[in-house]
Amino acid sequence: MKIVFFGTPQFAVPTLEKLLNHSEFEVLAVVTQPDKRRERGNKLTPSPVKAITTAHNLPVWQPERVKKDTETLTQLKQLDADVFVVVAYGQILSSKILNMPKLACINVHGSILPKYRGAAPIQWCLYNGERETGITTMLMDVGMDTGAMLQIATIPIGLLDNAQDLADRLAAIGGDLLVETLLKLERKEIQPIPQDNLAATYAPLIQKPDYALDWSKSAIQLHNQIRGFYPNCTATFRDNLLKITASAPLGSVGDRDLPAELQELLDKLPDLSNLSDKPGVVVSIVKGIGAIVQTGEGLLLLREVQLAGKRPQSGWDFVNGTRLTVGEVFAAGS
């Protein structure tokens, strides 16, 4: 089966590698986003997909706008591919491109469709506190993740999983599911299933205001925001911006799902239900772990934070380094 692969971030790499290492498939070329300038050194940096492609000496095309790039469109047509595979490419494909391959244009999407159509399905499913997610392979059409579904693989979500953890797990199963999908599609063993548009939800691009933590929210809401939009959620501490990159909701809301070693330590603490203050106030400090902060409902343990210009550090190192005391206040982020 002759394939053209469209993809850009690390999430797409395991799927590309599965195709490159499978005897039934021949990857003819790869289309990825143009190199971007990164903060450190401001040097042009290739996408993770391009880095893999270069190592395999494959043709790689990086049009600014693929559906408007005449040269790329001509090259794609000339390849006469059986399938186009799209994994987090980052550009919308025109109907002209979608109709080029002989068999189909297939997308590997990071949610259980029709829920979380759009650019950030992994982040928003965590933000909304989902306990299960998955990968869907689907036939692409001109809509935003609206095509008929081919196969679905599901995985559970742990209470402390963040967006990076979940993306890594989903990327790993995405490659396997795509291989299975392609083989079954070639053998005509799959019947595409139309999506229920009435059940659809949307996962838009994350904007800067989404990162700001509001301590009047509940502990579980803040925790889901922190892990969903990892590692960028912010609070204000001593008039400086502080990223909170790992947390844990305490009390009946979520601690039944905490790792055993953390739960065992918390079980030895005094009754947390006696702690209460205004949202944002540090009500306790757990030796070896970090600060406990009052929220609008419940308590939040700060497991990892990042001061501006510094590397991430454990909640306990933050307590020691800043000499944090009970009664200090975390304000809203910005």
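Of the 334 residues of the chain, 48% count as buried. Here buried means under 20% relative accessible area, exposed means over 50%, and partly exposed lies in between, with a 1.4 Å probe and protein chains only. The model is predicted: local features need pLDDT of at least 70, side-chain atom pairs count only at pLDDT 80 or more, and totals for chains, interfaces and linings use all residues. Residues are numbered from 1 along each chain as its sequence is written, and side-chain values use heavy atoms, with hydrogens and water left out.

The chain holds 9 helices and 16 strands. These are DSSP runs numbered from the N terminus, with helices (H or I) of at least four residues and strands (E) of at least two. Along the principal axes, the C-alpha atoms fill a box of roughly 70 × 45 × 35 Å. The accessible surface of the chain comes to about 16,400 Å². Carbon and sulfur atoms account for 49% of this surface. The areas come from the Shrake-Rupley method with a 1.4 Å probe; for residues, only the protein chains shown count as cover. Among contacts (heavy atoms within 4.5 Å) with a separation of 6 or more, 65% join residues 24 or more positions apart.

Charges were also located. The chain carries 34 positive and 36 negative charges, and their mean positions are 6 Å apart. Lys and Arg count as positive, Asp and Glu as negative, while His and the chain ends are not counted. Each charge is placed at NZ of Lys, CZ of Arg, CG of Asp or CD of Glu.

The interior was examined next. In soluble globular proteins, nonpolar side chains tend to be buried together. The largest nonpolar core has 64 residues. Such a core is a set of buried Ala, Val, Leu, Ile, Met, Phe, Trp, Tyr and Cys residues joined through side-chain atoms within 4.5 Å. Phe5, Leu19, Val85, Leu182, Trp215, Ile244 and Phe330 have the most contacts inside the largest core. Helix H6 (residues 163-186) gives the most to this core, with 11 residues. A second, separate core of 18 residues includes Val4, Leu76, Ala81 and Leu93.

Leu19 illustrates the packing. Leaving aside neighbours within four places in sequence, Leu19 is in contact with Ile3, Phe5, Phe25, Val27, Val85, Leu178 and Leu182. Leu93 sits in the loop between strand E6 (83-87) and helix H4 (95-98). Leu93 is buried, with a relative accessible area of 6%. Not counting residues up to four places away in sequence, Leu93 touches Phe6, Val66, Val86, Leu98, Cys105 and Met140. Leu93 and Arg187 are 94 residues apart in sequence and 26 Å apart in space, C-alpha to C-alpha.

Helix H6 also contains Asp176. Asp176 is partly exposed, with a relative accessible area of 41%. From Asp176 to Gln123 the C-alpha distance is 22 Å, and the two are 53 residues apart in sequence.

Two helices show one-sided burial. In H2 (residues 48-55), the buried residues are Val49, Lys50, Ile52 and Thr53. They cover an arc of only 160 degrees around the axis, so they lie on the same side of H2. The arc is that of the directions from the helix axis to the C-beta atoms. The buried residues of H2 pack against strand E1 (2-7), helix H1 (13-20), strand E2 (26-31) and strand E5 (60-61). Asn57 follows H2 and has a positive phi near 55 degrees. In H9 (residues 315-322), Gly315, Phe318, Val319 and Thr322 are buried. Their arc is only 100 degrees around the axis, which puts them on the same side of H9. Arg323 follows H9, again with a positive phi near 55 degrees.

Backbone geometry was then considered in the loops. The peptide bond from Leu113 to Pro114 is cis, with omega near 15 degrees. Pro114 lies in the loop between strand E7 (104-109) and helix H5 (121-127). The bond from Tyr230 to Pro231 is also cis, with omega near 0 degrees. Pro231 falls in the loop between helix H7 (219-228) and strand E10 (234-237).

Arg238 is found in the loop between E10 and strand E11 (240-250). Its phi is positive, near 50 degrees, in a residue other than glycine. Arg238 is partly exposed, with a relative accessible area of 40%. Asp239 is found in the loop between E10 and E11. Asp239 has a positive phi of about 70 degrees, although it is not a glycine. Asp239 is exposed, with a relative accessible area of 75%.
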